[in-house]
Amino acid sequence: HGLSPQSPYVGSLLKDEQLKHFQWFLKQDGILEGFSAIPEARLQRADRQDTVDLMVQKYGCNEALGITIKILEKISRNDLVQHLSSISSGLKGKLRRVKI
């Protein structure tokens, strides 16, 4: 759950056109190695928060974060990639110390 507050924040930094491009990658089967697409019908009317929710439901928090970083690289938002990567590595360090 520690990752989810950051994803909507990142989504809010994407312009509408970038969000559509981001969602396009999510709809393509096989474009992200090892991950199946989210059906176009589910993304058609999805806003930023809906997109994040769909990603977390389909892939889980950690995988959704990794996919987000990969797509941001593809749409040339390296500023957000750096931001997310630093958050991600900080969280992984904290998660390793927590015993469940």
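Biologist: Is the crossing where α2 passes α4 left-handed or right-handed?
Modeller: Left-handed: that is how α2 passes α4. Keep in mind that this is a predicted model.

Biologist: How do the axes of α2 and α4 sit, and at what angle do they cross?
Modeller: They come within 11 Å and cross at roughly 20 degrees. The cut-off for roughly parallel is an angle under 35 degrees, so α2 counts as roughly parallel to α4.

Biologist: Which residues make that contact?
Modeller: From α2, the residues are D16, L19, F22, Q23 and L26. From α4, they are R48, T51, M55 and Y59.

Biologist: Let's step back. How many helices and strands does the protein chain have?
Modeller: The count is 6 helices and 0 strands. From the N terminus on, the order reads α-α-α-α-α-α.

Biologist: And what share of the residues is buried?
Modeller: Of 100 residues in the protein chain, 35% count as buried. The accessible surface comes to about 6,500 Å². Carbon and sulfur atoms account for 50% of that surface.

Biologist: What about contacts between residues at least 24 apart?
Modeller: Take the contacts in the protein chain between residues at least 6 apart in sequence. Of those, 57% join residues at least 24 apart.

Biologist: Back to helix packing. At what angle do α4 and α5 pack?
Modeller: The angle is about 125 degrees, and the axes are 7 Å apart. Helix α5 covers residues 61–74. The two helices, α4 and α5, are therefore oblique to each other.

Biologist: Which hand does the crossing of α4 and α5 have?
Modeller: Right-handed. On the α4 side, the contact uses M55, V56 and Y59. On the α5 side, it uses C61, E63, A64, I67 and T68.

Biologist: And α2 with α5, how far apart are their axes?
Modeller: Their axes are 10 Å apart, and the helices pack at an angle of about 120 degrees. That makes α2 and α5 oblique to each other. In passing α5, α2 makes a right-handed crossing.

Biologist: Which residues of α2 and α5 are in contact?
Modeller: F22, F25 and L26 come from α2. Their partners in α5 are I67, T68, I71, L72 and K74.

Biologist: What does T68 touch?
Modeller: T68 touches F22, M55 and L84, not counting residues up to four places away in sequence.

Biologist: New topic. How many aromatic pairs are there?
Modeller: The structure holds 2 aromatic pairs. One of them is W24 with F25. Their ring centres are 5.1 Å apart and their planes sit at 85 degrees, so the pair is edge-to-face.

Biologist: Why does 85 degrees make the pair of W24 and F25 edge-to-face?
Modeller: Because planes over 60 degrees apart count as edge-to-face. The planes of W24 and F25 are at 85 degrees.

Biologist: How accessible are W24 and F25?
Modeller: W24 is partly exposed, at 38% relative accessibility. F25 is buried, at 8% relative accessible area.

Biologist: What about F35 and Y59, how far apart are their ring centres?
Modeller: The centres are 5.6 Å apart. The planes are at 85 degrees, so F35 and Y59 are edge-to-face.

Biologist: Where do F35 and Y59 lie?
Modeller: F35 lies in the loop between α2 (16–27) and α3 (40–43), and Y59 in helix α4 (residues 48–59). The pair therefore ties together parts that are 24 residues apart in sequence. Y59 counts as buried, at 12% relative accessibility.

Biologist: Now L43. Which helix does L43 lie in?
Modeller: L43 lies in helix α3. At 2% relative accessibility, L43 counts as buried.

Biologist: What is L43 in contact with?
Modeller: Leaving aside neighbours within four places in sequence, L43 is in contact with Q23, L26, K27, I38, T51 and L54. L43 and L26 are 17 residues apart in sequence, and 8.5 Å apart in space, C-alpha to C-alpha.

Biologist: Last one. Where is the place of S76?
Modeller: S76 is in the loop between α5 and α6 (78–97). Phi of S76 is near 60 degrees, a positive value in a residue other than glycine. S76 counts as exposed, at 57% relative accessibility.

Methods:
Residues numbered from 1 in each chain as written. Predicted model: local features only at pLDDT ≥ 70, side-chain atom pairs only at ≥ 80, totals over all residues. Heavy atoms only, no water. Helix = DSSP H or I, 4+ residues; strand = E, 2+ residues; numbered from the N terminus. Buried < 20%, exposed > 50% of the residue type's maximum accessible area, 1.4 Å probe, protein only. Contact = heavy atoms within 4.5 Å. Areas by Shrake-Rupley, 256 points an atom, 1.4 Å probe, with all protein chains shown as cover. Phe/Tyr/Trp six-rings, centres within 6.5 Å; stacked < 30°, edge-to-face > 60°. Axes fitted to C-alpha atoms, helices over the stretch in contact; angles between N-to-C directions. Parallel < 35°, antiparallel > 145°, perpendicular 65-115°, else oblique. Left-handed = near helix turned anticlockwise from the far one by under 90°.
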